[in-house]
Amino acid sequence: MRWFNGFLGKVASSRFLCECHKGVNYQQKFGLVNVKLKWVKDKSLDAVVAGERDLRAACILVSVISSLSHHFVPIYHLCRHRGQLNLPQDLKLSTFIRKYPTIFHESHVLDSGGTRVPAFGLTPEAVDLHQEELNVIQQSQKDIIDRLCKLLMLTKHRILPLQTIDQLKWDMGLPYDYQDSVVPHHPGLFSVVHLPDDRLGLKLLFWDDHLAVSQLRKSAVLQQKETDIKNNCLAFPIRFTRGFGLKRKCMKWLEEWQRLPYTSPYTDASHLDPRTDESEKRIVGVFHELLHLTIQKKTERKNVSNLRKPLSLPQKFTNVFERHPGIFYISKKGDTQTVVLREAYDHQQLLQKNPLVDIRERFASLMSKGFLEKSRGLYKKMSGADLENPSKLVSRHQLSGIGYSSELELDCILFSDYESDDPAHCAS
């Protein structure tokens with residue numbers, strides 16, 4: 001393995017000769033090399049991804065419940081947010097919520113016929129932790145705004161559909177209600193616009209040159225790689241899973257690929273031929289930057305699948321994840337594919353933690369505690385005596401705080417929507 005360690009040293013130090021002075025002609029003379037590198041399981045990074053689905057769903061439900069004036073929310077109301085939770089279709093929402101009694105407290109509402117309908121609130125521990133989360137978000141406003149600006153600056157027209165941003169907001173650490181709590185407070189930066197396909201989009205109104213610097217270039221400056229910066233030959237940090245065998249042919253190709261000119265993801269790349277390795281290096285640079293904008297340096301692959309046109313990328317652009325397993329790791333945990341930036345982790349440890357990551361880890365710990373205690377029988381379903389106790393029930397009058405304007409509307413919802421909370425009966 002000495003040759004391999006030596007290769008990594010070369011990559012890390014970027015001690016390569018560069019012919020950038022030949023300009024575009026140099027860039028276009030190489031075709032896209034047909035190299036296939038195998039996928040090798042990385043248990044440490046799989047562990048980073050494991051449990052993310054439940055954590056994300058629980059935190060979204062915490063935000064939904066906290067946003068309502070009454071903190072016990074009927075199950076049929078929570079079902080309306082099911083589409084955001086990414087839970088298995090055959091999993092009842094109430095079953096999921098009851099898995100975590102240290103986060104969610106169960107009560108009931110009474111419909112007009114006196115039938116008890118499950119309703120859920122937050123435990124004191126969850127309320128306190130969510131308040132800490134809101135405080136961290138408030139203290140991190142500048143960082144949140146900068147990262148949202150940089151996301152829009154990556155796009156060709158500085159516009160993204162709100163639906164696309166919604167898919168990324170968890171990974172980017174944006175507030176659950178960023179459309180109301182962030183965007184309207186910065187009219188000089190953002191504008192909500194109507195897109196040609198009748199969707200709403202977010203447009204960036206002001207370009208900040210100070211933000212248009214990629215993380216790769218910042219790292220090169222910090223490491224004082226003056227020659228690489230001058231020649232614009234920036235190499236990506238490379239890490240492979242233990243046991244990854246790189247053939248000499250692939251090693252030679254990767255060395256040459258790292259020596260190619262680096263095109264900033266914030267600059268126009270229309271001069272690059274999409275069939276070349278130079279164009280591929282630019283695509284890698286775009287996703288390297290995008291993952292750096294996320295607080296845990298990872299996102300589900302499907303979250304970026306609809307970014308081709310906004311980011312001016314060629315067809316099958318996500319193939320770069322398979323072609324560069326030393327930069328990206330694709331975890332297949334949780335019935336999905338999650339792209340993880342390798343350089344951001346030392347085994348399971350995130351090297352630079354956003355304060356929100358600590359909050360999420362504490363939520364995960366609280367969820368794990370409740371799940372284990374429930375499996376040991378420490379939490380029981382509400383008894384008949386509890387159900388007859390008026391203090392354990394939420395009346396119809398108390399539901400007026402969550403947006404039902406009339407008794408007739410409430411009757412219709414209670415009888416038509418609540419047969420069960422099976423996904424088939426829940427609006428997504």
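The model is predicted: local features need pLDDT of at least 70, side-chain atom pairs count only at pLDDT 80 or more, and totals for chains, interfaces and linings use all residues. Residues are numbered from 1 along each chain as its sequence is written, and side-chain values use heavy atoms, without hydrogens and water.

Find α8 at residues 141–153 and α9 at residues 162–172. Their axes come within 12 Å and cross at roughly 135°. The two helices are therefore oblique to each other (under 35 degrees is roughly parallel, over 145 roughly antiparallel, 65 to 115 roughly perpendicular, and the rest oblique). Now look at the contact (heavy atoms within 4.5 Å). R147, L148, L151 and L152 come from α8, while I165, L168 and M172 come from α9. Of these residues, 6 are nonpolar, none is polar and 1 is charged.

Next come the charged pairs. Side chains of opposite charge can pair when their charged atoms come close. The count comes to 19 salt bridges (a side-chain nitrogen of Lys or Arg within 4 Å of a carboxyl oxygen of Asp or Glu).

Start with R342 and D42. Their side chains meet in a salt bridge, 3.1 Å from N to O. R342 lies in the loop between β9 (338–341) and β10 (345–346), and D42 in the loop between α2 (23–28) and α3 (43–49), so the pair ties together parts 300 residues apart in sequence. R342 is buried at 7% relative accessibility, and D42 is buried at 12% (buried is under 20% relative accessible area, exposed over 50%, partly exposed in between, with a 1.4 Å probe and protein chains only).

Move to K99 and D54. This salt bridge also spans 3.1 Å, N to O. K99 sits in the loop between α6 (93–98) and β2 (104–110), and D54 in helix α4 (residues 52–67), so parts 45 residues apart in sequence are tied together. K99 is partly exposed at 24%, whereas D54 is buried at 14%.

Finish with E132 and R362. The closest N and O atoms of this salt bridge are 2.8 Å apart. E132 lies in helix α7 (residues 124–139) and R362 in helix α16 (residues 355–375), so the pair ties together parts 230 residues apart in sequence. E132 is partly exposed at 31%, and R362 is partly exposed at 35%. Elsewhere, salt bridges that share partners join R53, D54 and K99 into one network.

Conventions: Axes are lines fitted to C-alpha atoms, for helices over the stretch in contact, and angles run from 0 to 180 degrees between N-to-C directions. Helices (H or I, at least four residues) and strands (E, at least two) are DSSP runs, numbered from the N terminus. Ala, Val, Leu, Ile, Met, Phe, Trp, Tyr, Cys and Pro count as nonpolar, Asp, Glu, Lys and Arg as charged, and the others, Gly among them, as polar.
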